Amino acid sequence: MGVLTSCITGVVLAIFGLVLRVYPPEHINNTIGYKTPFAMKNKDTWYEGNRFCGTMLLFIGIIFIPFSILMRYLYRNNLNLSESISIVGLAILLIAIIIFTEIHLRKLFDKNGVRK
């Protein structure tokens, strides 16, 4: 993953996060949006899950750009290692988005999807 590819990846994540935050999908669907069983319980959990996930994607996209550039320059003698670290870092960040969004939803809603 070169520097340009990393920057484009970060920008795409940030743009998708911004769109998801500002314009979350109105209807629960299987095509677009944050789709976990808990987030799809009702419109309230659906909206909040997409809004929070969008915020996380925006921040992760912004964080990923300097992270991947830093890895590229720290390991400039071993480009395979820098690419591997960037890809693993991105995977960890994307998994963290799911974990933190689910924690956020469970703090706001009970197991039936009713706001606490």
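The legends below describe close-up views of a predicted model.

Residues are numbered from 1 along each chain as its sequence is written, and side-chain values use heavy atoms, with hydrogens and water left out. Because the model is predicted, local features need pLDDT of at least 70 and side-chain atom pairs count only at pLDDT 80 or more, while totals for chains, interfaces and linings use all residues.

**View 1. A salt bridge joins Asp 44 and Arg 115.**
Side chains of opposite charge can pair when their charged atoms come close. A salt bridge is counted when a side-chain nitrogen of Lys or Arg is within 4 Å of a carboxyl oxygen of Asp or Glu; a search of the whole structure finds 4 of them. For Asp 44 and Arg 115, the N to O distance is 3.2 Å. Asp 44 is in helix H2 (residues 43-74) and Arg 115 is in the segment after helix H3 (79-108), so distant parts of the chain, 71 residues apart, are linked. Helices (H or I, at least four residues) are DSSP runs, numbered from the N terminus. Asp 44 is partly exposed at 32% relative accessibility, and Arg 115 is partly exposed at 41%. Buried means under 20% relative accessible area, exposed over 50%, and partly exposed in between (1.4 Å probe, protein chains only).

**View 2. Arg 72 and Glu 83 form a salt bridge.**
Their side chains meet at 3.7 Å, N to O. Arg 72 belongs to helix H2 and Glu 83 to helix H3, so the pair ties together parts that are 11 residues apart in sequence. Glu 83 is partly exposed, with a relative accessible area of 26%.

Arg 106 is partly exposed at 42% relative accessible area, whereas Glu 102 is buried at 15%.

**View 3. Thr 101 is a buried residue of helix H3.**
Its relative accessible area is 0%. Leaving aside neighbours within four places in sequence, Thr 101 is in contact (heavy atoms within 4.5 Å) with Tyr 34, Gly 49, Phe 52, Cys 53 and Met 56.

**View 4. Met 71 is a buried residue of helix H2.**
Met 71 has a relative accessible area of 10%. Apart from neighbours within four places in sequence, Met 71 is in contact with Ser 82, Ile 85 and Ser 86. The C-alpha atoms of Met 71 and Ile 85 are separated by 7.2 Å, and the two residues are 14 residues apart along the chain.

How values were computed
Helix = DSSP H or I, 4+ residues; strand = E, 2+ residues; numbered from the N terminus.
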